[in-house]
Structures are given as C-alpha cells and as structure tokens.
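Take a look at the model below.

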Amino acid sequence: MKPLDLTVILIYFIALSFLIWRVSRRAGRSSGDFLSGHHDLPWWALCLSLVATETSTLTFISIPGVGYTQGLVFLGIAAGYCVGRGAVALWFLPRYREGALTSAYTLLGQRYGASMQRLASGAFLITRFLAESIRLLAGALPVVWLFTHAGLPVGRWTVLGAILAFTLLYTILGGLRAVVWSDAIQLGLYGFGAVFCVVFVGHTVTMAGWHEAWQAGRLQVFHPMTATNWWHDPFTLASAVIGGAVLSVASHGTDQLMVQRLLAARSLLEARLALIGSAIVVALLFGLLSVLGVQLWIREAGKSLAGLGLDSPDALFPHFIVDALPAGISGLLIAGVLSATMGSLSSTLNAMAGASLTDFGPAPQRLIDRTMRALGYQPRALSAPRLMTLFWGVILLTGAALFTMGTKSAVILGLTIAGWSYGPTLGAFLCALFLPGLGGRAVRTGFVVSLAAMALVLIGGQMAGVSIAFPWLVPLGILFHLGAAGLVRAFGPKSRARP
C-alpha cells in the first residue's frame, strides 16, 4: 500500500472521530433522546442514513461484479424499491407519526396488546442477529483482501475486531444522532468513489464498446421471464418490480432498523422526503455501480471472470481498486469499503438496542440498573441504551465467529434470512391497518404459524436444493399469515382488536 493511501485512510478516520466527538455532546439526556435523535434530524441526513443502512460492503463490492456478468439488473430492483417506498410514505408513515412512536412495533402493541409487540420485536432481533452476523463476517473478507494485496497483510479477526470496536465507540457515545451523521458522511465517501470510478473508466470506453455491450445483453434491466424462471430468478420484471416493491414495504415500513430513522424526522413531510429521497439515491448508487461493472466488461473486451483470473464476481471491484486506481484514490476507496461496513453495523446496533428497551417493557431497564448497582455503579440516564448497544455488539461478534461462509452470495443469503420474518411482520401490519375485524388472537396465531411455515420453506428448500427468489419470500409470508389468521378468525374463539 502506497504511503499516500495510508495517509488518506488515516485522515478519514481522524475526521470521522472529530465529528463523533462533536455529535456525542448532543446525544441527549434521556434514553428516548439517545434512541430517537430528539426527533429533530433533517430529512436529507435521514435519507442518506437510510441508504447507508440498507447498503453495505457487500453491496458496494458485489454490484459491479453483477453488472459485469448480468448487466444493469439491479436497476430493476431499484424500480421495485421506489414503488414500495411510495406505499410506505402514503399509508404507514401517517400512522407512525400520529402516535409519536419510538418503535415500529408499538403500533402492533397498541392494536393487539403487548404480547404481539414483543413477538414482532423478538422476530426482528433474531433476524437482525442472523443477517448482520453473516454480513459482518462476509464484509470483513474484501477488507482483508484489499489490505493484503495492497501490501499490508492483516487477519480476518483483526479487521472484525477493529471495525466493531470503532463502530461501537461512536454508537455508544452519540446514539442515533451520531449514527445518522456518520452514515451520511460514509455514504458520501463511497458514493464519491463510485462516481470517480465511473468517470475514470469512462474515458477508456468507446461507442463501439457500448454497442458490443448492448448486443451481449449487458445493458438489459430485466431478465426475460419464462414459465420456469419467474419464481427463482430475482431479476425478471415481475420479481424485481412486484416482489421488490413488497420487499421494500416490509423493510422500510415494518423493520425497526429503517423505521427508527423515519421516526426521528421533524415532521411527517420530512419523513416522507427522507423515504422517497432514499429510493432515488439507492437507484443512483445501484446505477453507478452497475454501469461501472458494464464499463469494466467493455474495458476487458468481454473476458470471462476465469479469463481474468478471478474466482467470483465479488473479486472484480477489489482487484480494480488495488491494481487500476491511482495512489490516494485507492486509499479513499478502501476507506469507502470500511465505511460501508460500519454504516450498516452502527445502524443495526442502535436499532437492536432501541427495540430491546422499548418493546419488552421495563424489565430490561430494571435488570441493567440492578446489575450496575450490584457492581457498585450508580445507573445514569444513558446507562441502559449504551450498555444494551455494547451487549448486542458482543452478541454480533460472537455470531460472526460461529458462522462460516458457504458458496451462496452473502448478499442473497442476508436478504433470504430477512425474508423469514418480513412477510409475517408485514402481514400483521396489514391486519392492523386494513383488516380491523381480525382480533388479536387471530393475528398473533397467524404470525407464529407463518414464521414456522417460512422456516420450513427456507430449510426444506435448502435441503432439497430448491430456491425461491428473495423478492417472493415476503409475499409468501404474507399469504401464510393472512391464511392462518383467517382460519383462526373463522373457526377459533372470537377476540377483537383494540380500537
């Protein structure tokens, strides 16, 4: 690694540390302020934080490889995301804002009782633990590769520990406010890196090259849909737009990871601006990274990955960063890769701490207070959220240590895991918003049954070698939930939802 690259990386982390120090002084005086950012964060910062939360190192590294091998298909997914977020802005956000809620699952608690709120929040915590542990482990791999091939060999667990320690530091000190502002800076960094790479490679691409890419199908946005591939190919028109829209409704309308940021907005209008803006920014980011992949395909004259000496599409962009970019810019892109990992991790830690302290009553707060007093410490206002954040950081690191990476793409694996709970949870929210006649017993039973059914589908499919495209997992979970809830409503004891 060249000295200029190291200098750029160090300057970035010094600047980020200074920002964290400034923001941490306004972390708030109460647990609610720590987890909600005082409900006064600007919409554009929340917009960038949403994008940084849903993207990661794997997104940043993988999409150029997908663009190289399959074309602009991630733009089709982005189209579905735009449709889904429009639905969330129209129907979900007003319900959240009118109650000044601190958790997405408070709405279910108000409608169906505390047990439903705890069930939904528990499913969220399990899903986040599994998905983020895998994402943390897989996200460390390209960082290790980049440092090793840049002349600075480091071990996987050294990278994991350093990323988690630094992320925990600013998440614990500054709460949601520090997470949002650091997310905005981190997204700006790797967004700039994507723009630079597109411009840098674009000077070497000719119109004849673009014509060859068109003929080779590298400019297609959707895969052709057939009678046999529509349910297992995520990039057909139906999967990307319809399935992607429903997936986006679930992720941005019912997942505490995203809803927590929308609840921190100053008003309903600003929450909607942040949400719709995030769809546009995600589409731009997906577009830039996909175009970069196509440009690299033209630059390499359409060589196969094996012909380039690469084992997988994910190896394409790291090789380009180390081998082709000038000194300084290469360091900036490595800092961008680190930023992508920290952005998604910090958001997860803060959201998991918030759900733990908000959705399970006063018990977690009391347990922390009693434990601190037993150890001779006097609890303070921010002791509980900070210690809960630290707790989940240790749990995620333990999870990353226990998991091993298989042959399946970590991005697809993470989305598949999210599909286990997204459908049942969205089904419960749809009942609360549009089916007031269903009682709490029916909705709770439907939720538990649909979680079990989705687990059977995912585990059974894995064992049988049958895969369902991740955009279709959420609609399937909704059908399981509504079907089970409807049967309970029709044949079981009657109970009424709360008004």
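What percentage of the 499 residues in the protein are buried? Buried residues make up 57%, where buried means under 20% relative accessible area with a 1.4 Å probe and protein chains only. This is a predicted model, where local features need pLDDT of at least 70, side-chain atom pairs count only at pLDDT 80 or more, and totals for chains, interfaces and linings use all residues. Residues are numbered from 1 along each chain as its sequence is written, and side-chain values use heavy atoms, with hydrogens and water left out.

The protein has 19 helices and zero strands. These are DSSP runs, numbered from the N terminus: helices are H or I with at least four residues, strands E with at least two. The C-alpha trace spans about 70 × 60 × 45 Å along its principal axes. Contact means heavy atoms within 4.5 Å. Of the contacts with a separation of 6 or more, 85% join residues 24 or more positions apart.

Now the helix pair. The axes of helix 7 (residues 114-149) and helix 14 (residues 329-358) come within 10 Å and cross at roughly 160°. Axes are lines fitted to C-alpha atoms over the stretch in contact, and angles run from 0 to 180 degrees between N-to-C directions. Helix 7 and helix 14 are therefore roughly antiparallel, a label for angles over 145 degrees.

Last, a single residue. Ser 450 sits in helix 18 (residues 440-464). Ser 450 counts as buried because its relative accessibility is 0%. Leaving out residues up to four places away in sequence, Ser 450 touches Pro 424, Gly 477, Phe 480 and His 481.

Terms used
Angles under 35 degrees count as roughly parallel, over 145 as roughly antiparallel, 65 to 115 as roughly perpendicular and the rest as oblique. Buried means under 20% relative accessible area, exposed over 50%, partly exposed in between (1.4 Å probe, protein chains only).
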